[in-house]
Protein chains: 2
Amino acid sequence: MSARLDWMISVDDHVLEPPHVWESRLPAKYRDVGPTIRRDDAGEAWFFEGKRMPTIGLAAAAGKKREEFSPLPMTYDEMRPGCYDPRARLEDMDRDRVLASLCFPSFPRFCGQTFYEAQDRELGLLCVQAYNDWMLEEWAGSAPGRFIPMIIIPLWDPMLAREEIERTAGLGAKAVAFSENPVPLGLPSIHDRDRYWEPVFAAAAETGMALCTHLGSSSKLPRTAPDMPMIATIALQPINIASTCIDWLFSGVLPRHPGLKVCLSEGGIGWIPYVLERCDYVVERQGYWASKGDFEGDLSSGEAKLVEGTGAELGALPSQLFRDHLYGCFIDDAHGAQSIEAIGVDNVMIETDYPHTDSTWPNSMAIAHERLGYLPEDVQFKVLRGNAERVFDFTPADLPDLAGP
Amino acid sequence: MSARLDWMISVDDHVLEPPHVWESRLPAKYRDVGPTIRRDDAGEAWFFEGKRMPTIGLAAAAGKKREEFSPLPMTYDEMRPGCYDPRARLEDMDRDRVLASLCFPSFPRFCGQTFYEAQDRELGLLCVQAYNDWMLEEWAGSAPGRFIPMIIIPLWDPMLAREEIERTAGLGAKAVAFSENPVPLGLPSIHDRDRYWEPVFAAAAETGMALCTHLGSSSKLPRTAPDMPMIATIALQPINIASTCIDWLFSGVLPRHPGLKVCLSEGGIGWIPYVLERCDYVVERQGYWASKGDFEGDLSSGEAKLVEGTGAELGALPSQLFRDHLYGCFIDDAHGAQSIEAIGVDNVMIETDYPHTDSTWPNSMAIAHERLGYLPEDVQFKVLRGNAERVFDFTPADLPDLAGP
């Protein structure tokens with residue numbers, strides 16, 4: 001096997017922010033209400049604007065046995081240092097043969113929901129900017145070519161979000177965390193006829209930064225029922241990203257922004273061939289009447305009403321839009337890996353999900369070889385590294401000089 | 001190719017009920033409020049308890065061009081007679097090489113929601129029974145061995161539902177229409193700790209009748225947003241059945257009822273290998289903590305609370321529960337057909353969806369051969385007929401003596 005297949009770029013990992021991220025960067029007047037970690041009688045937690053938010057064990061599971069995984073709070077002392085310390089993270093990456101890593105935030109949540117929920121909008125924006133500056137300067141900046149810097153945006157103000165994308169693009173940011181579905185957050189959908197998100201999409205397309213929609217970034221677990229077991233919800237989460245995928249394919253956004261790239265982070269990939277085929281099937285069969293306008297109400301009750309002038313504008317078949325704009329991202333997905341040629345060899349990237357419970361660390365490379373080994377070497381390289389380098393316009397560091405695993 | 005592969009059993013078609021179903025079977029005192037078809041200034045519609053419910057074109061699209069498909073009302077005169085007349089239906093089945101067909105109701109909706117919504121519970125039950133008797137005596141009874149009789153149940157009363165299952169089992173019924181998710185109907189979920197549905201599940205298991213959960217039978221379209229285009233919702237519908245599948249696998253119901261069979265009607269199959277793999281992955285990784293109890297609240301916010309004594313009771317790995325109890329049903333699904341051996345050759349059945357817009361009629365057999373031709377003949381036979389004969393304990397008529405297509 002070629003040595004160039006010995007390292008991967010993981011496009012979905014997680015950083016547990018050290019407390020100084022905001023303590024050291026917020027103006028003095030916000031030091032008391034800005035995010036900080038404190039201990040109280042109930043244990044250790046983040047505090048922000050008077051709210052108490054513990055970190056949970058499931059979010060910092062690297063190095064733990066499965067019997068130790070827990071949704072209950074965990075302290076930073078109990079975590080593996082790679083969770084929060086970039087130097088320790090690099091050691092863990094080297095051990096796992098991860099050449100570079102794109103990390104999602106933890107305290108801000110997957111796309112910055114925590115700061116969107118801030119009472120003080122000015123503070124919220126400063127917290128967003130402090131995270132982004134820390135990510136660029138201290139996390140990614142600590143080891144050039146080893147971290148793909150992703151930013152968060154002020155979700156409540158698309159014009160400010162546009163400014164933040166443009167500001168950080170100039171500082172080397174490569175990706176923007178975006179919600180799998182903004183509606184449960186109380187924000188307009190990507191279908192919004194007033195095009196609330198247009199400044200964000202335009203800025204992402206113009207700067208070449210990819211949007212990354214991580215599962216869970218709607219702050220809403222996909223529950224079929226109030227009493228659906230939590231474990232069933234967790235099983236459903238990635239398949240729920242199929243909704244995000246379908247949203248994008250039918251949103252009309254993609255044809256308006258030829259350069260826009262959307263990564264379905266931690267969405268798995270085994271469902272993608274079916275979804276693309278289904279979307280094309282529906283367009284071919286239902287496209288004629290659907291192009292005349294949208295219908296409100298329950299079709300099966302016979303009570304649907306045509307809303308004039310709302311026809312879907314696809315621009316191309318959904319499968320083509322997928323290949324031009326969307327990227328499936330997977331941790332360990334045997335059926336998906338077998339389906340890479342059906343999905344599109346340029347549209348799949350690998351993840352290790354360090355330090356979450358689904359992570360393959362420290363066996364990611366062995367698992368990847370087992371899943372991908374049947375593919376031609378150039379395709380393996382694309383999935384392991386090449387697609388990430390292209391999608392994020394990212395040049396990784398030279399291969400570290402390490403002994404074999 | 002073997003002649004035994006020239007005919008299929010379709011486990012998902014639809015009957016548009018003729019108006020006499022209820023007119024001829026309800027007691028005289030209910031004739032005025034029972035379901036009937038009338039014309040008024042707005043056109044033709046069903047009337048029931050004073051409510052007006054037109055039939056829509058999308059539900060009776062057989063023989064129409066795609067340019068004629070419409071979610072607006074359609075009259076019975078405009079439909080192909082095979083929609084509502086069993087003799088005409090048989091001709092259409094013969095033309096499509098459909099040896100036998102399982103039909104879902106239309107006016108009652110996919111699992112009888114219309115009668116569940118009735119103001120008068122006594123009338124609702126009589127309407128359910130009238131439909132079932134008509135299905136058994138007049139629709140299926142018109143051509144023995146050509147229709148697999150499926151009944152609807154009084155969703156509002158599981159004990160009455162149990163009686164209806166037992167009553168109709170004795171009359172030859174083979175399947176029970178059940179909801180893809182009862183929660184949007186205002187009914188308990190299948191996870192219900194009080195086991196609301198237990199009499200239904202027990203009766204189905206004891207009589208050997210299969211539950212068929214058709215997409216759309218929650219009366220709720222899977223919308224990510226109020227402004228999600230209708231065509232995107234239609235594309236999402238089958239993938240939404242993945243939620244139904246996961247519900248069943250984690251419900252604890254299947255291990256309690258070894259004989260229970262659940263058919264994921266019109267759910268497609270291409271997503272199944274991914275979902276089974278995902279469910280097993282989650283159980284192997286999260287099973288330990290999840291078995292201790294369920295957690296309420298948003299895990300990612302650190303605010304989840306353990307609910308003691310609510311641990312999931314799976315009984316077996318989800319992939320094994322699927323193989324023992326669940327059946328994927330597909331119309332035309334190339335990736336799914338390629339994945340039949342991964343799904344399980346005994347767990348897949350074919351559908352034609354006559355007379356809906358997704359139907360393959362009158363080309364079902366040619367499409368099926370194209371999709372399945374790569375499989376061993378015994379597997380092709382299972383998917384085309386054998387699995388349906390086993391799951392529904394159904395003996396089809398001798399092959400009709402027809403000229404070739």
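Good morning. I begin with one pairing: B:Ala175 has B:Ala210 as its bridge partner in strand S9 of chain B. Please keep in mind throughout that this is a predicted model.

Strand S8 of chain B covers residues 175-178, and S9(B) covers residues 210-213. The two strands run parallel and are joined by four bridges. How does the chain cross from S8(B) to S9(B)? It passes through helix H6 of chain B, residues 198-207, in a right-handed β-α-β crossover.

I turn now to the other neighbour of S8(B). Strand S7 of chain B, residues 150-151, pairs with S8(B) in the parallel sense, over two bridges. B:Met150 has B:Ala175 as its bridge partner, while B:Ile151 is partnered by B:Val176. Here too there is a right-handed β-α-β unit, made by S7(B), helix H5 of chain B (residues 158-169) and S8(B).

These strands belong to an open sheet of six strands in chain B, in the order S7-S8-S9-S10-S13-S14, with parallel pairing. Which strands form the edges? They are S7 and S14 of chain B, the latter at residues 348-350, and each of them pairs on one side only. Helix H7 of chain B, residues 230-249, packs on this sheet and touches S9, S10 and S13 of chain B. The direction of this helix makes about 160° with that of S10(B).

Next, the side chains. In a regular strand, side chains alternate between the two faces of the sheet. In S8(B), B:Ala175 and B:Ala177 point one way, whereas B:Val176 and B:Phe178 point the other way. Are these residues buried or exposed? All of them are buried.

Together with A:Val176, it touches the most other members of the largest nonpolar core, which has 252 residues. Helix H7 of chain A, residues 230-250, supplies the largest share of this core, 14 residues.

Finally, the contact between the chains. Chain A and chain B each give 69 residues to it. On the side of chain A that touches chain B, H7(A) gives the most, with 13 residues. By class, this side of chain A has 37 nonpolar, 18 polar and 14 charged residues. Thank you for your attention.

Technical notes
Residues are numbered from 1 along each chain as its sequence is written. Chains are lettered from A and ligands numbered from 1 in the order in which they are written. This is a predicted model: local features need pLDDT of at least 70, side-chain atom pairs count only at pLDDT 80 or more; totals for chains, interfaces and linings use all residues. A nonpolar core is a set of buried Ala, Val, Leu, Ile, Met, Phe, Trp, Tyr and Cys residues joined through C-beta atoms within 7 Å. A residue is buried if 20 or more other C-beta atoms lie within 10 Å of its own, exposed if 12 or fewer, and partly exposed in between; C-beta atoms are placed from the backbone. Two residues are in contact if their C-beta atoms, placed from the backbone, lie within 7 Å. Ala, Val, Leu, Ile, Met, Phe, Trp, Tyr, Cys and Pro count as nonpolar, Asp, Glu, Lys and Arg as charged, and the others, Gly among them, as polar. Two strands pair if DSSP finds at least two bridges between them. A crossover is right-handed if, with the strands pointing away from the viewer, the path from the first strand over the helix to the second runs clockwise. Axes are lines fitted to C-alpha atoms, for helices over the stretch in contact, and angles run from 0 to 180 degrees between N-to-C directions.
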